[in-house]
Amino acid sequence: MRTPAAALAALLALALSACGSPCQDLGDRICDCQPQGTSRDSCRSTVRSTLSANSPNGAQEDTCRHLLDTCKAPDSSNVCDFINSEAGKEACGMAFPVPP
């Protein structure tokens with residue numbers, strides 16, 4: 001299984017944007033679920049470096065905007081518990097839905 005940081009890097013490779021953008025916000029939301037300290041700092045560093053190394057386009061920003069809308073815990077439950085679930089990974093763009 002891939003680590004959350006690796007999954008986040010893969011997500012950001014697909015949906016890149018500039019700092020302070022929907023993609024940065026999505027990355028921050030996902031990184032906030034990492035333990036405080038080195039893990040979270042490393043995750044945020046990966047987000048920043050990936051975003052700064054690539055030029056965004058409108059479609060990529062739209063993808064991140066959509067993912068920000070779907071990457072929320074239902075019924076005000078813990079967002080990190082949701083992100084770690086299969087449904088949460090799909091809603092946050094970290095996994096593809098399993099075909100029927």
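This briefing covers confidence, helix packing and salt bridges in one protein model.

The model is predicted, so local features need pLDDT of at least 70 and side-chain atom pairs count only at pLDDT 80 or more, while totals for chains, interfaces and linings use all residues. Residues are numbered from 1 along each chain as its sequence is written, and side-chain values use heavy atoms, with hydrogens and water left out. Three salt bridges are found in a search of the whole structure. A salt bridge is a side-chain nitrogen of Lys or Arg within 4 Å of a carboxyl oxygen of Asp or Glu.

**Confidence**

- The mean pLDDT (the predictor's confidence in each residue, from 0 to 100) is 82 for the protein, and 79% of its residues reach 70 or more.
- Over residues 12-19, pLDDT stays under 50. For this stretch the model has 24 contacts beyond four places in sequence, a contact being heavy atoms within 4.5 Å.
- Where pLDDT is low, predicted coordinates should not be read in detail.

- Helices (H or I, at least four residues) and strands (E, at least two) are DSSP runs, numbered from the N terminus.
- Helix α2 is mostly covered, with seven of its 10 residues buried. Buried means under 20% relative accessible area, exposed over 50%, and partly exposed in between (1.4 Å probe, protein chains only).
- The buried residues of α2 are Pro-22, Cys-23, Gln-24, Leu-26, Gly-27, Ile-30 and Cys-31.
- Two packed helices are described by the angle between their axes and the distance between the axes. Axes are lines fitted to C-alpha atoms, for helices over the stretch in contact, and angles run from 0 to 180 degrees between N-to-C directions.
- The axes of α2 and α3 are 9 Å apart, at an angle of about 165 degrees. These two helices are therefore roughly antiparallel to each other; angles under 35 degrees count as roughly parallel, over 145 as roughly antiparallel, 65 to 115 as roughly perpendicular and the rest as oblique.
- In the contact between α2 and α3, α2 contributes residues including Cys-23, Gly-27 and Cys-31, and α3 contributes residues including Cys-43, Arg-44 and Val-47.
- The axes of α2 and α4 come within 8 Å and cross at roughly 40 degrees, so α2 and α4 are oblique to each other.
- Among the residues that make the contact between α2 and α4 are Leu-26 and Arg-29 of α2, and Glu-61, Arg-65 and Leu-68 of α4.

**Salt bridge between Asp-32 and Arg-44**

- The side chains of Asp-32 and Arg-44 form a salt bridge at 2.1 Å, N to O. This pair links distant parts of the chain: Asp-32 lies in the loop between α2 (22-31) and α3 (38-52), and Arg-44 lies in helix α3, 12 residues apart.
- Asp-32 counts as partly exposed, at 35% relative accessibility, and Arg-44 also counts as partly exposed, at 26%.

- Glu-61, Asp-62 and Arg-65 are linked in a network of salt bridges.
- Glu-61 and Arg-65 meet at 3.8 Å, N to O. Because they are four residues apart in helix α4 (residues 58-70), about one helical turn separates them.
- Arg-65 and Asp-62 meet at 2.7 Å, N to O. They are three residues apart in helix α4, so they too are separated by about one helical turn.
- Glu-61 is partly exposed at 24% relative accessibility, Arg-65 is partly exposed at 37%, and Asp-62 is partly exposed with a relative accessible area of 47%.
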